[in-house]
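Me: Can we go through this one together? I'd like to know what stands behind each label.

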Amino acid sequence: MRTRNQRTLARSLECTGVGIFTNSDVKIRFCPAPENHGIQFVRTDLAGSKPIPALIEYAVFKQRRTAIEYQDASVEMIEHVMAALAGLQIDNCRIEINAPEAPCFDGSSQELSLALLDSGIVEQPFQRELICIEQPLTVENESGSFIQAKPLNRSVLAIGYYLNYGEDSPVTPQCLTLEINPETWMNQLAFSRTFVLEEEVEAMRALGYGQRLSAEDLLVLGQEGPVGNEFRTLDECVRHKILDCLGDFALIGCDMHGYFSAHQSGHALNRELIKKIKSTHRSTLSETVWKVA
Ligand SMILES: [Zn+2]
């Protein structure tokens, strides 16, 4: 079993972007944090607000996105931020944010990942905790989506995703498996954008979401393909699904080694898997991975 040293940022960095649900300008600041701190979000727009650990114990249900909550403070749409930190192996970071949601950027994690790399990443003297999948484990839902976690004979995290929305969907069937490390993250995943179907955009707009975003900012898929936009790779959709898995799996609060094979899974099932793995391995994890309020 091979572990690595924990890592944090060399210096702070600030980004701004638009929130998809609140349509507001969001300022998000990433600060270095000490060993065993983990990832924590702090709402700077709420006076006296306590940090919210980005751990599965603080996750709350939201449709099609990942959110965490502690006392009166919550932050939504954290999955693409979490994926960037996990992909670059940044384990300790205090994230100050002045809104209830992370900025959307272009729907991918590219801009943020480049900014994080630019700030510099430093190793810390403590080892990163690790869970090795030793027994196959599956979670599934009533619509037939499932994720299976299996042991691997190498010390890596590999995520495979199988996507098939049927013949009438503008998204073609796609599958891809990738070993996750900072290099594959930057070259194969970070650029992949979230996607919505044209008919879903109407419903989103009716709810007041995405008022400041156009089809050029967001990957909108019509019957003929992207509307006013182009795919960055033909399999961009499945790459983004792997990105989402990585961001959601990061709520476990430690590294994982094993092969994760996801079939049409979404955020809810991703979280269920992490809950199950964490409860199975509770005895081997230290308290720093269990910051239960
Ligand atoms: Zn996503």
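**Zinc site, pockets and loops**

Reply: Start with the zinc ion: its protein donors are H80 (NE2), H240 (NE2), D244 (OD) and D244 (OD), lying 2.1 to 2.7 Å from it. This is a predicted model, in which local features need pLDDT of at least 70 and side-chain atom pairs count only at pLDDT 80 or more, while totals for chains, interfaces and linings use all residues. Residues are numbered from 1 along each chain as its sequence is written, and side-chain values use heavy atoms, with hydrogens and water left out.

Me: What makes these atoms donors of the zinc ion?

Reply: Donors are N, O and S atoms within 2.8 Å of the metal (3.2 Å for Na, K and Ca). The ones here lie 2.1 to 2.7 Å from the zinc ion, so they count. Keep in mind that water is not among the atoms, so sites may look incomplete.

Me: Why is the arrangement of the four donor atoms called irregular?

Reply: Four donors count as tetrahedral if all angles lie between 85 and 135 degrees; four count as square planar and six as octahedral if opposite donors are over 155 degrees apart and all others between 65 and 115; anything else is irregular. The angles here run from 52 to 152 degrees, which makes the arrangement irregular.

Me: How do you know that the chain is as compact as a globular protein of its length?

Reply: The secondary structure comes to six helices and 19 strands. The radius of gyration is 18 Å, close to the 19 Å that the globule rule gives for 293 residues, so the chain is as compact as a globular protein of that length. The radius is taken over C-alpha atoms, and the rule is 2.2 Å times the number of residues to the power 0.38. Along its principal axes the C-alpha trace spans about 50 × 45 × 35 Å, and buried residues make up 55% of the 293.

Me: What makes a space a pocket or a cavity?

Reply: On a 1 Å grid over the protein atoms alone, a cavity is a set of points where a 1.4 Å probe fits but cannot get out. A pocket is an open set with protein on both sides within 12 Å along at least five of seven lines, and lining residues have an atom within 4 Å of a point. The largest pocket has about 1,000 Å³ of space. Of its 38 lining residues, Q63, R64, R65, K241 and H267 are the closest to the centre. Helix α6 gives the most to this lining, with six residues. The second largest pocket has about 710 Å³ and is lined by 40 residues, with R4, D91, R128, C254 and D255 nearest its centre.

Me: And which residues line the largest cavity?

Reply: Among them are M77, E79, H80 and F105, so H80, a zinc donor, is there too.

Reply: F105 is found in the loop between β9 (93-97) and α2 (110-119). Its relative accessible area is 15%, which falls under the limit, so F105 is buried. Phi of F105 is near 50 degrees, a positive value in a residue other than glycine. Most residues other than glycine have a negative phi.

Definitions and conventions
Points joined across faces, edges and corners; volume = space filled by probe spheres on them. Helix = DSSP H or I, 4+ residues; strand = E, 2+ residues; numbered from the N terminus. Buried < 20%, exposed > 50% of the residue type's maximum accessible area, 1.4 Å probe, protein only.
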